[in-house]
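Please examine the sequence and the structure shown below.

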Amino acid sequence: MSAYTKYTFSMYGDETTPVTMVFQNRMIGVVIDKFGRDVMIMKEDDRHFHVTVPVAVSDQFFGWVFGLGKSVRIVGPESVKEKMKKALADIAARYE
(Lines give C-alpha, C1' and ligand atoms only; values in the text may rest on other atoms or scores of the structure.)
Protein backbone atom coordinates (compact mmCIF):
# COMPACT_ATOMS: atom_id res chain seq x y z
CA MET A 1 0.00 0.00 0.00
CA SER A 2 2.82 2.40 0.86
CA ALA A 3 4.47 1.88 -2.55
CA TYR A 4 1.15 2.59 -4.26
CA THR A 5 0.40 5.79 -2.39
CA LYS A 6 3.79 7.38 -3.00
CA TYR A 7 3.14 7.42 -6.76
CA THR A 8 -0.59 8.06 -7.00
CA PHE A 9 -0.92 11.54 -5.43
CA SER A 10 -4.45 10.55 -4.29
CA MET A 11 -7.21 8.18 -5.20
CA TYR A 12 -7.76 9.94 -8.52
CA GLY A 13 -4.59 8.59 -10.12
CA ASP A 14 -4.42 6.88 -13.48
CA GLU A 15 -1.97 4.26 -14.74
CA THR A 16 1.59 5.05 -13.73
CA THR A 17 3.96 6.60 -16.23
CA PRO A 18 7.72 7.07 -15.76
CA VAL A 19 8.15 10.84 -15.32
CA THR A 20 11.51 12.59 -15.23
CA MET A 21 11.78 15.75 -13.15
CA VAL A 22 14.69 18.10 -12.45
CA PHE A 23 14.89 19.59 -8.94
CA GLN A 24 17.05 22.16 -7.23
CA ASN A 25 19.46 20.37 -4.89
CA ARG A 26 17.74 21.85 -1.82
CA MET A 27 14.63 19.80 -2.67
CA ILE A 28 16.26 16.43 -2.00
CA GLY A 29 14.33 15.97 1.25
CA VAL A 30 11.01 16.62 -0.50
CA VAL A 31 11.81 13.98 -3.13
CA ILE A 32 12.84 11.41 -0.51
CA ASP A 33 9.73 12.18 1.56
CA LYS A 34 7.46 11.66 -1.45
CA PHE A 35 9.17 8.79 -3.31
CA GLY A 36 11.23 7.07 -0.61
CA ARG A 37 14.90 6.45 0.02
CA ASP A 38 15.18 3.90 -2.78
CA VAL A 39 14.55 6.49 -5.54
CA MET A 40 17.55 6.82 -7.88
CA ILE A 41 18.80 10.41 -7.70
CA MET A 42 21.11 11.50 -10.52
CA LYS A 43 23.22 14.66 -10.68
CA GLU A 44 22.01 17.06 -13.39
CA ASP A 45 24.57 19.82 -12.76
CA ASP A 46 26.11 21.51 -9.71
CA ARG A 47 22.74 22.98 -8.64
CA HIS A 48 20.24 20.33 -9.76
CA PHE A 49 19.47 16.62 -9.74
CA HIS A 50 16.92 14.56 -11.64
CA VAL A 51 14.78 11.55 -10.88
CA THR A 52 12.61 9.30 -12.99
CA VAL A 53 9.73 7.84 -11.02
CA PRO A 54 6.49 6.07 -11.92
CA VAL A 55 3.69 8.56 -11.37
CA ALA A 56 -0.08 8.39 -11.74
CA VAL A 57 -0.37 11.53 -13.85
CA SER A 58 -3.35 13.48 -12.54
CA ASP A 59 -4.47 16.94 -11.49
CA GLN A 60 -3.20 16.10 -8.01
CA PHE A 61 0.26 15.33 -9.39
CA PHE A 62 0.30 18.62 -11.31
CA GLY A 63 -0.84 20.42 -8.15
CA TRP A 64 2.07 18.90 -6.23
CA VAL A 65 4.52 20.01 -8.94
CA PHE A 66 2.97 23.49 -9.08
CA GLY A 67 3.20 23.76 -5.30
CA LEU A 68 6.97 23.31 -5.50
CA GLY A 69 7.20 26.36 -7.77
CA LYS A 70 10.47 27.07 -9.53
CA SER A 71 12.21 24.28 -7.62
CA VAL A 72 11.08 21.57 -10.03
CA ARG A 73 10.58 21.09 -13.77
CA ILE A 74 9.03 18.14 -15.60
CA VAL A 75 11.37 17.19 -18.44
CA GLY A 76 9.73 14.07 -19.80
CA PRO A 77 7.93 12.44 -21.30
CA GLU A 78 6.72 15.11 -23.70
CA SER A 79 3.09 14.01 -23.26
CA VAL A 80 3.25 14.78 -19.51
CA LYS A 81 4.91 18.14 -20.16
CA GLU A 82 2.07 18.99 -22.57
CA LYS A 83 -0.57 17.95 -20.02
CA MET A 84 1.12 20.18 -17.42
CA LYS A 85 1.18 23.13 -19.85
CA LYS A 86 -2.52 22.61 -20.59
CA ALA A 87 -3.41 22.37 -16.89
CA LEU A 88 -1.54 25.61 -16.19
CA ALA A 89 -3.18 27.37 -19.16
CA ASP A 90 -6.63 26.22 -18.03
CA ILE A 91 -6.04 27.60 -14.54
CA ALA A 92 -4.55 30.86 -15.85
CA ALA A 93 -7.62 31.32 -18.08
CA ARG A 94 -9.85 31.29 -15.02
CA TYR A 95 -8.16 34.50 -13.84
CA GLU A 96 -8.46 36.52 -17.03
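Of the 96 residues in the protein chain, 35% are buried, that is, they have under 20% relative accessible area. These values were computed on a predicted model. The accessible surface of the protein chain amounts to about 6,500 Å², and carbon and sulfur atoms contribute 55% of that surface.

The next topic is the order of the elements along the chain. Four helices and four strands are present in the protein chain. Read from the N terminus on, they follow the order α-β-α-β-β-α-β-α. Contacts within the chain can also be considered by separation in sequence.

Attention may now turn to empty space. Rolling a probe the size of a water molecule over the atoms shows where such space is left. In this model, the largest pocket holds about 200 Å³ of space. Which elements give two or more residues to its lining? They are α3 (59–67), β4 (72–76) and α4 (78–93). The helix α4 gives the most, with four residues.

The residues that line the largest pocket are V65, F66, G69, V72, R73, I74, K81, M84, K85 and L88. Sorted by class, this lining comprises six nonpolar residues, one polar residue and three charged residues. Gly counts as polar in this classification, whereas Lys and Arg count as charged; G69 is one of the lining residues, as are R73, K81 and K85.

Terms used: Residues numbered from 1 in each chain as written. Predicted model: local features only at pLDDT ≥ 70, side-chain atom pairs only at ≥ 80, totals over all residues. Heavy atoms only, no water. Buried < 20%, exposed > 50% of the residue type's maximum accessible area, 1.4 Å probe, protein only. Areas by Shrake-Rupley, 256 points an atom, 1.4 Å probe, with all protein chains shown as cover. 1 Å grid on protein atoms, 1.4 Å probe; cavity = no way out; pocket = protein on both sides within 12 Å on 5 of 7 lines; lining within 4 Å. Points joined across faces, edges and corners; volume = space filled by probe spheres on them.
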